[in-house]
Amino acid sequence: MSERKVLNKYYPPDFDPAKIPKLKLPKDRQYVVRLMAPFNMRCKTCGEYIYKGKKFNARKETVQNEAYLGLPIFRFYIKCTRCLAEITFKTDPENTDYTMEHGATRNFQAEKLLEEEEKRLQKEREEEELNNPMKVLENRTKDSKLEMEVLENLQELKELNQRQANVDFEAMLKQYKELEEEQRRKEQEEDEQEMKAMLEQAQNRQLLLDSDSDEEPAKPHPNRRAQSKPTDILQEEPQSKRPRTESWERGVGKLSTRAQLAGLVARRRQRADPGLENGMETPGSTGGTGSLPATATAAAATSSLGLLGAYSDSEDSA
């Protein structure tokens, strides 16, 4: 199977390239090319302006019997965008430009015409000086006088500008320094205000924490007016940490002493046994069993007092 993209072609042994017929084309054959207008022009038929860079599908041909140093000259045919009139221009390799030939006029040629006029005058002057040495001396004298006049006028303009423009550089520097100082002062004031606001927020938080405790009186806060700087509060000694009182302690109170606990427990009184009072024993009872309920009640009260006392001691130590 042969390759899809073949780079080498097969030439048979009896191949003769001279037998291949040559394509004969006319010398003035025209080609269709895509180009842009090389300059601004105006149509002579309708007066439409065609700006430089407008794209056209043009016909291109080689100009017969015209060349510059062996370089061919080409002619282009375009159509007006409004009236479809034919416009032609050709290349100008001598001036590296294009020349308008038919159908339109070229605009904005003042600079080009001025350059051509200057070249013409310079050429005439060189030809005149070549044959007349005195003319060379006269032209040099005129050029020197003209140069001196130009320098004098330039100096007068400089002096006039200096008189009108009285610029005091010291005042400008002073004004710039004042602006810098004012800006720096504003920044310092803003920083101090921010610091004061932060300190006020911190003090408000401390007041909220202190207001939770009702047992200890609130300590007097330092007068802010007495402080010379907002940062003096940062140099103060930290306040001692206060124990936080729980809400149930404020409502009920602390059970800190055994005397208060003892008031809450009431001892049960013993009832007198009528049999013992009469010196007789009741049936089913002994001398040691009559006091058993009272003894159990006293033991229970003693144990409850001990537990409450231990709990109050632990709270005091905490």
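This report describes the strand pairings, salt bridges and surface patches of a predicted model.

Because the model is predicted, local features are reported at pLDDT of at least 70 and side-chain atom pairs at pLDDT 80 or more, whereas totals for chains, interfaces and linings use all residues. Residues are numbered from 1 along each chain as its sequence is written, and side-chain values use heavy atoms, with hydrogens and water left out.

## Strands and hairpins

Helices (H or I, at least four residues) and strands (E, at least two) are DSSP runs numbered from the N terminus, and two strands are said to pair if DSSP finds at least two bridges between them. Strand β4 (residues 55–68) runs antiparallel to strand β5 (residues 71–79), and six bridges join the two. Within this pairing, Glu-61 has Arg-75 of β5 as its bridge partner. The hairpin made by β4 and β5 has two residues between the strands, and Leu-69 in the turn has a positive phi of about 55°.

Strand β5 also pairs with strand β6 (residues 86–92), in the antiparallel sense and over five bridges; here Ile-78 stands opposite Ile-87 in β6. In this hairpin, six residues lie between the strands. Leu-84, in the loop between β5 and β6, has a positive phi of about 60° although it is not a glycine.

Strand β6 in turn is joined by five bridges to strand β7 (residues 97–102), again with the two running antiparallel, and Asp-92 has Asp-97 in β7 as its bridge partner. The hairpin of β6 and β7 has four residues between the strands. Thr-96, which lies in the loop between them, has a positive phi of about 50° although it is not a glycine.

Leu-84 is exposed because its relative accessible area is 60%, and Thr-96 counts as exposed because its relative accessibility is 72%.

## Salt bridges

A salt bridge is taken here as a side-chain nitrogen of Lys or Arg within 4 Å of a carboxyl oxygen of Asp or Glu, and the structure holds 12 of them. As background, side chains of opposite charge can pair when their charged atoms come close. Three of these pairs are set out below.

| Pair | N to O distance |
|---|---|
| Glu-124 and Arg-120 | 2.8 Å |
| Asp-143 and Arg-125 | 2.8 Å |
| Lys-186 and Glu-182 | 3.8 Å |

The pair of Asp-143 and Arg-125 meets in a salt bridge that links distant parts of the chain, with Asp-143 in helix α2 (residues 133–164) and Arg-125 in helix α1, 18 residues apart. Asp-143 counts as partly exposed at 35% relative accessibility, and Arg-125 is partly exposed with a relative accessible area of 29%.

Glu-124 and Arg-120 both lie in helix α1 (residues 110–131), four residues apart, which is about one turn of the helix. Glu-124 is partly exposed, with a relative accessible area of 41%, and Arg-120 is partly exposed as well, at 37%.

Lys-186 and Glu-182 are separated by about one helical turn because they stand four residues apart in helix α3. Lys-186 counts as partly exposed at 47% relative accessibility, while Glu-182 counts as partly exposed at 33%.

## Surface patches

Patches are made of residues with over 30% relative accessible area and no salt bridge, where like charges are joined within 9 Å and nonpolar side chains (Val, Leu, Ile, Met, Phe, Trp, Tyr) within 5 Å. For charge, Lys and Arg count as positive and Asp and Glu as negative, while His and the chain ends are not counted; the place of a charge is taken as NZ of Lys, CZ of Arg, CG of Asp or CD of Glu. Accessible areas come from the Shrake-Rupley method with a 1.4 Å probe, and for residues only the protein chains shown count as cover.

A surface patch of negative charge gathers Glu-187, Glu-189, Glu-190, Asp-191, Glu-192 and Glu-194. Of these, Glu-190 has its place in helix α3 (residues 169–211) and counts as partly exposed at 48% relative accessibility.

A nonpolar surface patch is formed by Tyr-11, Phe-15 and Ile-20, which together have about 330 Å² of accessible area. Phe-15 lies in the segment before β1 (31–36) and is partly exposed, with a relative accessible area of 40%.

Methods: Buried means under 20% relative accessible area, exposed over 50%, partly exposed in between (1.4 Å probe, protein chains only).
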